[in-house]
Amino acid sequence: MGIPYTWQEGLIILAVASILLIIVILISMYKKLDIGGEFVYAIIKGGGQLFIIALFLTLLFNTEFWYILIWILIGTMILVGGYTSAKRATHMPKAYQVTTPAILSGAALSLIVLAVSRAMPLEPQFIVPLSGMAFGNSMAICSLTMERLIREINLNKSAIETMLSLGASSKQSLEPFQRLTIRAALIPTIDRLKTLGIIFIPGAMAGLLIAGTDPILAAEYQIIVYLMIVGGGIVTALITTGLSRKKLFTDYEQLENWIYEL
Amino acid sequence: MEHVGKTLQNTKILDDLSLTVEPGEILTLVGPSGSGKTTLLRCVNRLIDPDNGTIRYNDRDIKELPVVSLRKQIVLVPQDSFMLPGTVHDNIAYGQNIHGCYDENIIKQSIIDAGLTESFLDKNAEKLSGGEKKRVSLARALAIHPKILLLDEPTNGIDPKVLLNVEENIIQFVRKRDLTVLWVTHNIDQAKRVSNRIANLKDGTILNVQTTHEFEWDGAY
């Protein structure tokens, strides 16, 4: 089982698939959606990255020093994830100090549980894709949390200042908005969990099915993976809102200056 | 306040401002929009800090006091009367719960002092009229027994028919509780009605401070 053609033949299929993309870009230009350029950039960047990682994985699967490369890969995931999420909080100074540890803790927790429960044997073909899923999901949740939290704070400056004026601490005045933010950031994850298998076949299961695994086993594995990743995501959201407090408030229970400039 | 200065978004809002408020007095701050009245109040209860100068309370720099205890003694009632989600009771009890001094009798007394009846306590705070919200935010401040009240346009947006009534309520509870008040208003007539002294603020600094009797309105702040 597996993909029924060689990579050279695949290039032709890739060209065919690109026709669809060209149509989409033409439509977006016609409709003046102003996303054509960004779309092409995203595709080229994303495609390029995938090919580079493919080359990297080929090396990884064929060397006895794979564990060194895995650490390099995970380190890159942490840094790139932290940086990408931090960009969602453009006005927050040094936002990566919030996003990087939040993504790291959430993803690391899921991966450790997966490893301890033997769902992730310590072999590169398991560690690489599962790390990708764990860090990718944590990063997505971290970005959503950052974006939403800053929006909530900006919209609710009066509420927060009212609470602070009455003597509330930054922690107390932030709490209601932390709750709202975490709930909102987890909505896509919960919706995806609810529609698993109906709207889309998730990554791990799709991969296992293509590789010829029994569908029941593939589904069971997917659920295990998904639960771990959801758990990690919740941890990421909690840590993101928790660490953000230091960036949102001064040590004297005041909103930071940059918030007034939003 | 001594030589207080504050710049926000590259604009000088307060400029070498000095002012003394005597215990037990109502001092109104009048001045055109953007003259720094609200910013000054926000500096006094440390929602923001001045860039330079000192603010003293009972001869101590307010920066030496723990900020939470400072805000229990010097309470700001902001202009927009934001209601926290929940009932009027929840709003008035908020500060008490924060400071660990919940007292049902004080809550009832505070709402009465602010000019509303006890029957308001169970109402949804967010659905009150503008004037009622103003009174609830006054009651919310009174419930934590402050020593100084910072009132930012406390009658702004209130129906002119009840405006005098709210003023009267404030004056009454200030006397009864022996409070010191720094009251921001753009209404000169109101300043004359309610205060002991009037400070005239322009371009972030105090032009003059006059007693209500000697205050003369020259039409240009």
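Among contacts in chain B between residues at least 6 apart in sequence, 71% join residues at least 24 apart; two residues are in contact if their C-beta atoms, placed from the backbone, lie within 7 Å. For chain A, counted over pairs at least 6 apart in sequence, 73% of the contacts join residues at least 24 apart. Please keep in mind that this is a predicted model, in which local features need pLDDT of at least 70 and side-chain atom pairs count only at pLDDT 80 or more, while totals for chains, interfaces and linings use all residues. Residues are numbered from 1 along each chain as its sequence is written, and chains are lettered from A and ligands numbered from 1 in the order in which they are written.

Let us stay with chain B for a moment. Its 221 residues would, as a compact globule, have a radius of gyration near 17 Å, and chain B has 17 Å, which agrees. That radius is taken over C-alpha atoms, and the globule rule is 2.2 Å times the number of residues to the power 0.38. Along the principal axes, the C-alpha atoms of chain B fill a box of roughly 45 × 40 × 35 Å. Of the 221 residues, 45% count as buried, meaning that 20 or more other C-beta atoms lie within 10 Å of the residue's own C-beta, all placed from the backbone.

Chain B has 7 helices and 11 strands; these are DSSP runs numbered from the N terminus, with helices being H or I of at least four residues and strands E of at least two. In chain B, 6 strands form an open sheet with mixed pairing, in the order β7-β8-β9-β3-β10-β11, where two strands pair if DSSP finds at least two bridges between them. β7 (74-77) and β11 (205-211) of chain B each have a single partner strand, so one side of each is left without a neighbour in the sheet. From one strand to the next, the twist averages 20°, using axes fitted as lines to C-alpha atoms and angles that run from 0 to 180 degrees between N-to-C directions.

At one, β7(B) runs parallel to strand β8 (residues 148-152) of chain B, joined by 4 bridges, and Val77(B) stands opposite Leu151(B) in β8(B). In a regular strand the side chains alternate between the two faces of the sheet. Both faces of β7(B) are covered, with Ile74(B) and Leu76(B) buried on one side and Val75(B) and Val77(B) buried on the other.

Chain A has 10 helices and 0 strands. Its C-alpha trace spans about 70 × 55 × 35 Å along the principal axes, and buried residues make up 31% of its 262 residues. Chain A is divided into domain 1 (1-62) and domain 2 (65-260), with bounds from an automatic or database domain assignment. The centres of these two domains of chain A, taken over C-alpha atoms, are separated by 27 Å.

Where do the two chains meet? 15 residues of chain A are in contact with 21 residues of chain B. Helix α6 (residues 157-165) of chain A gives the most to the side of chain A that touches chain B, with 6 residues.

Conventions. Buried ≥ 20, exposed ≤ 12 C-beta atoms within 10 Å, placed from the backbone.
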